[in-house]
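Please read them with the structure open beside you.

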Amino acid sequence: MNEEKMHAYAVQAMDWFIRSAPAFIGAVLFLIIGWWLIGKLENILTAAMKRKHFESSLQSFLRTTFSIGTKVILIIMVAGQIGFQTTSLAAIIGAAGLAIGLALQGSLANLAGGVLILIFKPFKVGDIITSSGFTGRVMEIQIFNTILLLPDNKIAILANGAVSNAAIVNNHKHDFLKLDLFVSVPADRDLVQIKASLRDFLGRDERVRKAPPLEIEIQEVAGGKLKLIISLCCEADVLTAVQYKANEHLLLFYQQNKIEF
């Protein structure tokens, strides 16, 4: 009796294999060819991103996302070919994706912000920017965060979601920055001599650029005083240091020219 049952099971198994073999072999071939095509498409995508000069971190993220997404779709299609019910599987994956998305709303916002920053490049590594109340040099642009080195040598880690939605001042879009200073002098003083003296004092700092040249204009005349605006240019890296030094030179200018504050 046992031999008869075993024989019957063997016959059933053989029948199932004969019926399923074409679909199984076709599914294996489909998986192999699909996997190979995905690899080729990854290479094409990588080459296209390199031609467009995408950041390396963005290249890695997009390549990984494309690879995982297409391979999951391929596996689901192969499973459907060999008789698995993929409708319920797709529903489970969709529900899991929704739950994960709701749980990680903030992280996904930072992810989207990082992708936008890396694609549209409002700033790049090495730029000095002002965003979210911080001013510093961009040390690294990650998928979720932007790392700034602040003037006091501290590190600020800014969430890309907040950075992409906030105003960004990029101080490195041009070769130099403009610094405006304001001084008041008596209206009865020799303006030509005052301007020459100011240029002499402020020009002592070698970090002040010769081109564009330092400019001094009258902004306002009121109460027996001339309010002068002094515009000078310097590299972005030294803006704060130049401003501090300019304040020192202005103090010496007032003292040596015997001008009351």
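1. Two strands are taken to pair when DSSP finds at least two bridges between them, and strands themselves are DSSP runs of at least two residues, numbered from the N terminus. With that in mind, E140 stands opposite I147 in β3. The model is a predicted one, and the points below should be read accordingly.

2. Strand β3 covers residues 145–149 and is joined to β2 by four bridges, the two strands running antiparallel. This pair belongs to an open sheet of five strands, in the order β4-β3-β2-β1-β5, with antiparallel pairing. The edges of the sheet are β4 (155–159) and β5 (169–170), each of which pairs on one side only.

3. As for the chain as a whole, the protein has seven helices and eight strands. Of its 261 residues, 28% are buried. Among contacts between residues at least 6 apart in sequence, 62% join residues that are at least 24 apart.

4. The largest nonpolar core has 22 residues, and those with the most contacts inside it are L181, L198, L202, L228, I230, L232 and F253. Two or more residues of this core come from each of β6 (177–186), α6 (191–202), β8 (225–234) and α7. A second, separate core of 15 residues includes I117, L118, I141 and L150.

5. Which residues does L228 touch, once those up to four places away in sequence are set aside? Its partners include L181, F182, V183 and V185, together with L191, I194 and L198, and the list also takes in I216, E217, I218 and Q219.

6. The largest pocket has a volume of about 300 Å³. Its lining is made up of 15 residues, of which I128, P151, A236, D237 and T240 lie nearest the centre. The elements that give two or more residues to this lining are β2 (134–141) and α7 (239–256). By class, the lining has nine nonpolar, four polar and two charged residues.

7. Is R204 buried, partly exposed or exposed? R204 lies in the loop between α6 and β7 (215–222). Because residues under 20% relative accessible area count as buried and those over 50% as exposed, R204, at 43% relative accessibility, counts as partly exposed. The C-alpha atoms of R204 and A246 are separated by 9.3 Å, although the two residues are 42 residues apart along the chain.

Terms used: Residues are numbered from 1 along each chain as its sequence is written. This is a predicted model: local features need pLDDT of at least 70, side-chain atom pairs count only at pLDDT 80 or more; totals for chains, interfaces and linings use all residues. Side-chain values use heavy atoms; hydrogens and water are left out. On a 1 Å grid over the protein atoms alone, a cavity is a set of points where a 1.4 Å probe fits but cannot get out, and a pocket is an open set with protein on both sides within 12 Å along at least five of seven lines; lining residues have an atom within 4 Å of a point. Grid points are joined across faces, edges and corners, and a volume is the space filled by probe spheres set on the points. Ala, Val, Leu, Ile, Met, Phe, Trp, Tyr, Cys and Pro count as nonpolar, Asp, Glu, Lys and Arg as charged, and the others, Gly among them, as polar. A nonpolar core is a set of buried Ala, Val, Leu, Ile, Met, Phe, Trp, Tyr and Cys residues joined through side-chain atoms within 4.5 Å. Buried means under 20% relative accessible area, exposed over 50%, partly exposed in between (1.4 Å probe, protein chains only). Contact means heavy atoms within 4.5 Å.
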